[in-house]
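I opened this entry to keep a record of what I looked up, and in which order. The sequence and the model come first.

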Amino acid sequence: MFAKRQSALAAAAGAAPRVRDGAGFKPVVEALKKPPVAAGLAGLLLLGAGALFLTVLGDPNAGAPSAHVALQRDKPAAPAPAPSGFEAFSMGAMGLYQNLAGGGDPAANGEAVITLPDGGSVSGAAPAAYTAPVHAASPLARAPIAGLSQPGHNGPLPMIAPDGRVPAQAYARPFRPNGKPRVALIVGGLGLNAVTTRAAIERLPPEVTLSFVPYAENLQSWIDQARAQGHEVMLEMPMEPTGYPDNDPGPYTLLADGGADDVAAKMDWLLGRATGYFGVTNYLGDRFAASDAGMNAFLTVLRQKGVAFLDDGSFQRRPGAWSRASADRVIDRTQSPAAIIAALNGLEAQAKLRGSALGTGFSYPVTVEAAARWTAGLDQRGLQLAPASSMSMRPGR
């Protein structure tokens with residue numbers, strides 16, 4: 001079979017090529033002569049010519065202005081870590097000190113600003129747009145005052161001088177009543193945060209009493225700065241609260257069942273941390289307050305050393321110490337400007353009704369700023385701002 005196929009291919013290969021006549025194109029030519037077909041063919045040629053023009057000559061809008069922007073999507077930022085408790089306490093503090101309403105500098109917003117004679121300022125934005133001044137220094141005697149301290153195991157301890165002088169009077173801010181109802185304020189928790197401590201010393205009037213934490217570093221330096229500005233100072237005594245030790249005020253906490261010796265030993269450390277305070281106040285301590293043995297030992301030490309005890313209002317049934325007073329209200333149980341101002345206004349109303357009132361608060365930034373603004377207008381409202389020491393009384397008087 002393969003031999004026959006090869007013979008046929010060889011014969012065909014040697015033959016002359018066949019010539020076709022034009023009869024095969026006649027049907028095509030006849031079709032092109034028809035008008036509809038000719039019109040369609042012309043349209044196709046026109047479209048092809050246009051495509052060729054664009055391909056060869058380029059974009060007809062090439063001469064127009066154009067811009068090319070490379071777009072790149074930014075990667076989403078990683079979420080910021082949650083602030084620590086200390087950072088949350090101090091964050092934004094100076095902003096609060098500048099403007100309690102949070103509006104920033106009124107002058108920067110194009111608002112008129114009036115500077116008051118006392119160094120404060122008022123803008124036209126709202127009555128709340130008031131900035132309390134930094135008060136001029138009204139220094140008290142530098143501590144220690146001779147004859148009012150003695151060496152202790154952990155530092156100098158307060159004592160009654162041989163001539164009868166006592167720390168409760170010698171370290172208190174002098175006060176002369178002018179006949180108006182008196183209001184006093186204690187701001188505590190100071191010494192742990194430098195920003196809030198410095199703000200309280202400088203922005204609160206000298207008549208406001210400042211209370212310091214015994215665990216603060218450079219405690220004596222802070223007390224010296226406060227007294228140099230004119231503030232009388234107190235020292236805070238950590239006392240056993242309900243829920244102790246889960247709710248722990250810190251080392252050297254005075255315990256309800258500690259006994260007289262334990263209370264005296266811990267007070268030796270606490271009172272020896274610094275000098276220059278006229279009195280002490282409680283830090284927590286509702287359970288300790290219910291202990292007769294513990295409270296009697298505590299008050300006896302203070303009475304023997306000539307030191308006052310001013311509490312936050314939870315020890316009102318406990319007389320003792322060299323002199324005593326209890327606060328009428330805590331002003332910042334709710335930490336908002338409106339709530340604190342409302343509490344201060346209540347303190348003011350109580351003073352007008354009874355002749356005097358004592359409030360206490362913690363050194364939250366909002367508390368310091370609200371107190372600075374509230375105290376600035378007390379005299380015009382018919383009240384006298386008094387140091388807390390002026391509210392204390394000797395037992396039996």
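**Ground rules.** I am working from a predicted model, in which local features need pLDDT of at least 70, side-chain atom pairs count only at pLDDT 80 or more, and totals for chains, interfaces and linings use all residues. Residues are numbered from 1 along each chain as its sequence is written, and side-chain values use heavy atoms, with hydrogens and water left out.

**Whole chain.** I counted 13 helices and 14 strands in the protein chain, taking helices (H or I, at least four residues) and strands (E, at least two) as DSSP runs numbered from the N terminus. Of the 397 residues, 40% are buried, that is, under 20% relative accessible area with a 1.4 Å probe, protein chains only. Among contacts (heavy atoms within 4.5 Å) with a separation of 6 or more, 67% join residues 24 or more positions apart.

**Helix α7 against α8.** I looked up how α7 (residues 194-203) packs on α8 (residues 219-229), and found an angle of about 20° with the axes 9 Å apart. The axes are lines fitted to C-alpha atoms, for helices over the stretch in contact, and angles run from 0 to 180 degrees between N-to-C directions. The angle makes α7 roughly parallel to α8, a term for angles under 35 degrees. On the α7 side I noted Ala-194, Thr-197, Arg-198, Ile-201 and Glu-202, which meet Trp-222, Gln-225, Ala-226 and Gln-229 of α8.

**Helix α7 against α13.** Which angle does α7 make with α13 (residues 365-376)? I read about 5°, with the axes 10 Å apart, so α7 is roughly parallel to α13 as well. Here Thr-196, Ala-199, Ala-200 and Arg-203 of α7 meet Pro-365, Val-368, Glu-369 and Ala-372 of α13.

**Strand β7.** I checked both faces of β7 (residues 209-212) and found them covered, with Thr-209 and Ser-211 buried on one side and Leu-210 and Phe-212 buried on the other.

**Met-237.** Is Met-237 buried or exposed? Met-237, in strand β8 (residues 233-239), counts as buried because its relative accessibility is 0%. Leaving aside residues up to four places away in sequence, I listed its contacts as Leu-270, Leu-271, Val-280, Thr-281, Asn-282, Tyr-283 and Phe-298. I also noted that the C-alpha atoms of Met-237 and Val-213, 24 residues apart along the chain, are separated by 8.0 Å.

Terms used:
Parallel < 35°, antiparallel > 145°, perpendicular 65-115°, else oblique. Buried < 20%, exposed > 50% of the residue type's maximum accessible area, 1.4 Å probe, protein only.
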